[in-house]
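The paragraphs below walk through a few local features of one chain. Keep the sequence and the model side by side while reading.

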Amino acid sequence: MLERTMEVPFSGLDPRGRVKLGVILDGLQNMAELDAGGMDMSVAQLLPQNLTWVLRRYRVRFGAIPQGNGPLNVATWHEPSRNIFSDRMFTVADAEGRPLGKVWTQWVLLDVERMRPVRLDRHASARFYEQVRPVDDHLTEWFEPFEGDAARTVPFRAYWQDLDVNGHVNHVVYLLWALESAPEEVVESCSCLEIDAEFLLSAKREAIGVRVWDLKGGDGFVRFGHSIRSESGEECVRAVTAWR
């Protein structure tokens, strides 16, 4: 398990003084790469072997979005699943150690040339298995397509700065598109505390359309379905966001 203090820059605050969710998610991505690097399994270490990690699932559960740019305490660890997935979990707490939320992610090790998943036991390092710690959810449920016509479609564009070292749109960018496609009055007055996302295909520098469905709420939440599609209309990411 890797534990670190995450410093939140002043630029990481939104107009209401809350930490931008994208800043937290970027920090978690950096933590994952740092932890994997200690096992010789980071993206930077794998690419020369024509291997890389690609994200399959993402789940965010926060009780509240922190206010102000005080430091956050983050911990992360991983556990392989079915010899295909590496499930990675994060916990986020404030500077006093009070829990703020949890994030679950699921990754696949990909052969870059064949664009196919590979078995972990044939390619993962010994330290990858030595440092396993159980996660409490393996994200085994998959999304069904949203029913009916979308309420609206919000246009975006993927730029060079949105791409990662794999040459594809970074996963945090997709999640930010989902957040930005929610109605303005919700974005202004609520915080997104829950995200469930499934990553299906990769987008590059191209026009993007986010189809949005108004879903049934509950427990004080307002929920939206998001289908993020490439310029050709292929579905890249399917997500549900919950706001309160």
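R211 is partly exposed, at a relative accessible area of 35%; buried stands for under 20% relative accessible area, exposed for over 50%, and partly exposed for what lies in between, with a 1.4 Å probe and protein chains only. This is a predicted model, in which local features need pLDDT of at least 70, side-chain atom pairs count only at pLDDT 80 or more, and totals for chains, interfaces and linings use all residues. Residues are numbered from 1 along each chain as its sequence is written, and side-chain values use heavy atoms, with hydrogens and water left out.

R211 belongs to strand 9, residues 207–218 (strands are DSSP runs of E, at least two residues; helices are runs of H or I, at least four; both are numbered from the N terminus). Leaving aside residues up to four places away in sequence, R211 touches A150, R152, T153, G225, H226, S227 and R229, where contact means heavy atoms within 4.5 Å. Between R211 and T5 there are 36 Å in space, C-alpha to C-alpha, and 206 residues in sequence.

Helix 1 covers residues 21–37, 17 residues in total, and its first and last C-alpha are 24 Å apart, close to the 24 Å expected (1.5 Å times one less than the number of residues). Its buried residues include L21, I24, L25, L28 and M31.

Now the cysteines. With a disulfide taken as a pair of cysteine sulfur atoms within 2.5 Å, the count is zero. The closest cysteine sulfur to that of C190 is in C192, 9.9 Å away, which is too far for a bond. C190 is buried, at 17% relative accessibility, and C192 is buried at 7%.
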